[in-house]
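Thanks for coming. I have one structure to show, and I will go through its ligand sites and then one end of the chain.

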Amino acid sequence: MKVLVLDGVEEEGLQALRREPDIEVDIPNKLTEDQLVGIIGEYDGMIVRSATKVNARVLEHATKLKVVGRAGVGVDNIDLAAATAKGVLVVNAPGGNTIAAAELTMAMMQSLARNIPQANATLRSGKWDKKSFMGVELRGKVLGVIGLGRIGSAVAKRAQGMEMRVVAYDPYITEENAAILGVKLLSLEEIFKQSDFITVHLPLTRESKYLLDEKAFETMKQGVRIINCARGGIIKESALYEAMKSGKVAGAALDVFEKEPNTDSPLFEFNNFIATPHLGASTQEAQLLVAVDVAEEIVAALKGEPVKNTVNIPSLSPKTMAVVSPYLSLAEKMGKFVAQLVAGRIKKIEITYDGDLANQEVSPITTAVIKGFLDTILQEMVNYVNAPLLARDRGISVVQKQAGEGSDYANLITVKAASDKEELSVSGTIFGRTDPRIVSIDGYHVDAFPEGHMLYIPHIDKPRIIGPVGNLIGAHNINISAMQVGRLKIGGKAVMLLSVDAPVPAETLAEIAKIDGVLGVKNVSL
Ligand SMILES: NC(=O)C1=CN([C@@H]2O[C@H](COP(=O)(O)OP(=O)(O)OC[C@H]3O[C@@H](n4cnc5c(N)ncnc54)[C@H](O)[C@@H]3O)[C@@H](O)[C@H]2O)C=CC1
Ligand SMILES: O=C(O)CCC(=O)C(=O)O
C-alpha cells in the first residue's frame, strides 16, 4: 500500500507508517492540484495539513484511496461530502496542537495589550519611541471565549492564570462543564457587551461563518480587542476593517484569514492590527504529536482496524471504543457469513444485541455487520464510512435492536437477514474478551471459530450423512479441521458446519448435495 504525505508533515512523527512492511511512504515536494490529480490514483492513503485542497476533483481521481489523514484539527480543506460518497475515511489529529494554538492566542493577546510587534519594529527601524506604545493590563479584564472546546478551555485556564475574568459562549457544552473550568456561560450578545478581549475557538461552519459581522461589532464594548486563531471567515474581515477604522476595535490579531495565503489584507494598514501566517499549530511539539497521531490512525485505517478520530463517521469515545472494538471483527465476519448463506434479493438486516451489549453504544458494531455483508456482495469499496449509505441506496433496511429476548451468553449478536426468498439468522459471541465464536445458525446450536473456509450443510438428522460428506471432501484431498453439528430434535432438521483448509470445488458441492438427506450446501469464506 502507498501513502502520500504532503504539506510538510513532521517526518519524525511518521514512524508508525514506516514500521509497516506493507506500506510505502512518499513525501514529494509541493504539488500543484494538477500534479496531485495525476498521481493520486496510485495511493491508498494520504496525509495533509491545511495547504492541500482535497477537493471533489482530487477525490474523483483517487481510485484506490481509503483514507485521508489531517495532521491537525480543521478539515475545511477536505471535501467531506465527496469523501464520504466515495467511501474515503477522513481522520484528523485533534489534541496534539491544542496547547500550541492556545499559547499563540495568549501571545496574541499579550501582543495586543502591550504592542510588542509594533514596538519591536519601531525600535529596529532606529526609533526609541516609548510614548506611542502605552499598553493595558490583562489583569481584571473580561475575556470572552467563543467556542469552549479543547483550545478555548486551554485559553480560559491560561487567562485565569493572568487574573482575567473568563466568560464563554458555546451552545454545545453544559453549564456544569463550564463551571468546572471556572467559566460563566453567557449568550453571544452578553459576550459582545461585556468583553474587553474576544477570542474565537470554534470550527468554521455554516452557522459560525461571519459570526462576528457588522452587527456584532456594533454591540461590542468600545475599545474591544479581537483575536482569531481558529479559522478565517468566523470574523468578517470587511466588518472588522470598518470597526477598526471607527475606533470601536482597539486592536485585532489574526492568525487565519478568509483567503489564505494572504499577504495584502486591507487590515495591514492599521498599526494596531497584528497578524501571523496561520502559525497556531507551528510548534515542534505540536507537529510531532499530530504527525504521530495521524500516522497511527492511517495505519489502523489501512489495516481495517478501528480508528479513533474519524471525521466523516461519528468518532468513538475511548470508552465506547473499548466496549465495541472486540466485537467489530466478529460482527464483520457475521455479516460476511450471512451474505454467503442467504439466497435471494436482500431486503432487511436486523441486528439484535443481548447481554452486556444490550445497554451499550453499538451502532459501530451494526456498521461492521453491514460492511461485512456488503463487502461480500458488492464490487465497490465498502468501509465504515459508506456502508450505511450503500445499504440505504440498495433499499436494504437496517434495524438495530437492543435487549432482545435475553440469552445465556454474556454478550450475543444476532444477525437476521430477510430476502425475497428466505430468512436466516446467525448468532455470535465473544468468549472472555477476545475469543469469537459463531454459536447458532437459524436457532441450531454450533460452536465455530469464524475464520477461513467453511462448508454449511443443512440436512436431516439421520445416519449416513456425516460420513459420506467427510469421504467426498477427503477424496478431493481437502483437510477438515473442525466439524459442528446442531439439531433441535432427533430426526428433524439439523445443520453441519465444517471448517476446511481450502474452498471445496463446485463439483464436490454438487456431489454432496446429492447425498440423501442433505438439504443444501454452501461454501463460506471469512
Ligand atoms: N490556527 C491554527 O493553526 C489552529 C486552528 N485550530 C482551529 O481552532 C478551532 C478550535 O479547535 P479545537 O478547540 O481543537 O476544537 P474543539 O472541537 O475541541 O472545540 C470547538 C468548540 O466550538 C464549539 N462550537 C461549535 N460551533 C459553535 C458555535 N456556532 N458557536 C459557539 N461554539 C461553537 C463546540 O461546541 C466546541 O466546544 C478549530 O476551528 C480548529 O480548526 C486548531 C489548531 C490550530
Ligand atoms: O497544520 C497547521 O499548520 C494548521 C493547523 C490547523 O489549523 C488545525 O489543526 O486546524
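By class, the shell around ligand 2 has two nonpolar, seven polar and one charged residues; here Ala, Val, Leu, Ile, Met, Phe, Trp, Tyr, Cys and Pro count as nonpolar, Asp, Glu, Lys and Arg as charged, and the others, Gly among them, as polar. That shell includes Arg-49, Ser-50, Asn-97 and His-278, where near means that the C-beta atom, placed from the backbone, lies within 6 Å.

This is a predicted model: local features need pLDDT of at least 70, side-chain atom pairs count only at pLDDT 80 or more, and totals for chains, interfaces and linings use all residues. Residues are numbered from 1 along each chain as its sequence is written, with chains lettered from A and ligands numbered from 1 in written order.

Now ligand 1. Of the 32 residues around ligand 1, Gly-74, Gly-147, Gly-149, Tyr-172 and Gly-280 come nearest. Helices H5 (98-114) and H7 (150-161) each give two or more residues to that shell; helices are DSSP runs of H or I, at least four residues, and strands are runs of E, at least two, numbered from the N terminus.

Last, domain 4 (451-526). Strand S19 (residues 453-460) runs antiparallel to strand S21 (residues 493-500), joined by eight bridges; pairing requires at least two DSSP bridges. Tyr-456 stands opposite Leu-497 in S21.

Key
Domains from an automatic or database assignment.
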